[in-house]
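My entries follow in the order I made them.

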Amino acid sequence: MRILVTGAAGFIGFHLIQKLLSRGDDVTGIDNINDYYDVNLKFGRLSALGIGIRDLQYNVSYYSENTDSFNFVKVDLTDKLALNALFLKHNFDAVCNLAAQAGVRYSLINPQAYLDSNVQGFLNILEACRNNSIKHLIYASSSSVYGLSKQMPFSTRNNVDHPISLYAASKKSNELMAHTYSSLFGIPSTGLRFFTVYGPWGRPDMAIFLFTKAIVEGNPIQVFNNGNMRRDFTHVDDIVDGIVRVIDKPPHHNREWTGDRPDPSSSSAPFKILNIGRGKPVKLLDFINEIENCLGLTAEKIFMPMQDGDVEETWADITELIDEYNYRPTIEVKQGIPEFVKWYRNFYRI
């Protein structure tokens with residue numbers, strides 16, 4: 001397949017591209033390489049994909065030194081003209097949109113970035129898919145859309161109309177926008193609600209990275225909600241396995257869907273929403289304890305109240321992904337955390 005992956009220099013995008021290349025797909029990756037976090041990490045990922053140039057020119061194709069099957073273009077999703085030219089040039093079969101302004105807490109500081117990237121940028125992706133007969137659009141949503149919901153585990157069949165961060169609201173808007181385009185123009189689209197992804201090459205603003213860095217440097221860590229948090233920590237390899245299974249199975253019209261009892265996870269249009277997680281929440285303090293064990297160090301913990309925009313627990317109902325896509329997450333935190341710590345020590349030469 002010819003596949004476009006947006007957010008190619010990002011955490012999940014990088015791992016997905018590796019997986020797609022390993023099975024023989026032709027991949028084009030795009031990213032604007034912004035400075036939301038350390039660009040050295042982004043360039044490190046690109047280098048591992050065979051793109052070793054740091055002075056990347058805008059809207060120029062760079063081919064991997066490792067394989068003829070991957071090329072990278074520095075493009076911003078808000079640049080509609082550049083995006084349209086890219087679609088016309090490559091005639092993609094599928095698009096996997098992982099580019100987004102991430103982070104719940106940052107959305108309290110810089111809300112405009114979320115409207116630009118997650119709403120306007122996604123609209124440009126939808127328009128490009130519409131005008132180029134894309135066979136399947138897969139896009140990143142988030143467990144954050146569940147907001148104030150207390151129904152556990154989180155199910156895609158539950159209402160998600162009460163987000164508590166602009167980040168979550170922008171992801172919910174992506175789902176609504178995708179449904180509109182699936183309904184009006186027949187674009188098969190699948191939204192994936194990711195649950196607390198972790199692993200090697202992860203983002204510096206994520207919990208495992210923050211905790212590991214602070215403990216190694218001898219700094220205290222902040223533990224929110226006084227440690228009474230549970231997260232459905234999911235290893236990036238399991239996430240990528242799920243994404244690939246979804247790419248290969250575009251959604252169809254749900255013939256049993258009815259407006260009398262509307263199922264939010266599907267539609268009379270070729271539209272689908274899926275949770276993608278581990279399906280087994282872990283106590284935050286147990287997660288931290290595993291990091292401490294791997295490092296051979298004990299963290300100084302500062303217990304804090306709940307932060308604005310955060311939730312106490314996430315827990316994915318992944319029944320549909322298991323039943324319909326044969327998804328089987330296999331990596332426990334006791335395996336995943338040592339792998340991350342090993343990567344961290346190697347990358348930062350500690």
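**Entry: H4 and H5.** I started with helix H4 (residues 111-131) and H5, in what is a predicted model. I find their axes 10 Å apart, with a packing angle of about 15°. An angle under 35 degrees counts as roughly parallel, so I log H4 as roughly parallel to H5. I noted the hand of the crossing as right-handed.

Which residues make the contact? From H4 I list Pro111, Tyr114, Asn118, Val119, Phe122, Leu123, Leu126, Glu127 and Arg130. From H5 I list Leu166, Tyr167, Ser170, Lys171, Ser173, Asn174, Met177, Ala178, Tyr181 and Phe185. Sorted by class, the contact of H4 with H5 has twelve nonpolar, four polar and three charged residues.

**Entry: Asn174.** Is Asn174 buried or exposed? I have it as buried, because its relative accessibility is 2% and the limit for buried is under 20%. I then looked up the contacts of Asn174, leaving aside neighbours within four places in sequence. They are Asn118, Phe122, Tyr139 and Ala140.

**Entry: H8 and H10.** Next I took helix H8 (residues 284-295) and H10. I read that their axes come within 9 Å and cross at roughly 50°. That makes H8 oblique to H10. I recorded this crossing, too, as right-handed.

What does each helix bring to the contact? H8 brings Phe287, Glu290, Ile291, Cys294 and Leu295. H10 brings Val333, Lys334, Ile337, Pro338, Val341 and Arg345. By class, I have eight nonpolar, no polar and three charged residues for the contact of H8 with H10.

**Entry: cysteines.** How many disulfides are there? I get a count of zero. I checked Cys96 in particular: the closest cysteine sulfur is in Cys129, 11 Å from the sulfur of Cys96, and that is too far for a bond. The cut-off I applied is 2.5 Å between the two sulfur atoms.

I also looked up how accessible two of the cysteines are. Cys96 has a relative accessible area of 1% and is therefore buried. Cys294, one of the H8 residues in the contact with H10, is partly exposed at a relative accessible area of 26%.

Entry: I place Pro153 in the loop between strand E6 (136-142) and helix H5 (166-185). H5 is the helix I had already logged with H4.

**Entry: positive phi.** I noted two residues other than glycine with a positive phi, Trp201 and Arg349.

For Trp201, phi is near 70°. I find Trp201 in the loop between strand E8 (197-198) and helix H6 (207-216). Trp201 counts as buried, because its relative accessibility is 15%.

For Arg349, phi is near 55°. Arg349 sits in the segment after helix H10 (333-347), the helix that I paired with H8 above. At 79% relative accessibility I have Arg349 down as exposed, since the limit for exposed is over 50%.

Terms used
Residues are numbered from 1 along each chain as its sequence is written. This is a predicted model: local features need pLDDT of at least 70, side-chain atom pairs count only at pLDDT 80 or more; totals for chains, interfaces and linings use all residues. Side-chain values use heavy atoms; hydrogens and water are left out. Buried means under 20% relative accessible area, exposed over 50%, partly exposed in between (1.4 Å probe, protein chains only). Helices (H or I, at least four residues) and strands (E, at least two) are DSSP runs, numbered from the N terminus. Axes are lines fitted to C-alpha atoms, for helices over the stretch in contact, and angles run from 0 to 180 degrees between N-to-C directions. Angles under 35 degrees count as roughly parallel, over 145 as roughly antiparallel, 65 to 115 as roughly perpendicular and the rest as oblique. A crossing is left-handed if the near helix is turned anticlockwise from the far one by less than a right angle, and right-handed if clockwise. Contact means heavy atoms within 4.5 Å. Ala, Val, Leu, Ile, Met, Phe, Trp, Tyr, Cys and Pro count as nonpolar, Asp, Glu, Lys and Arg as charged, and the others, Gly among them, as polar.
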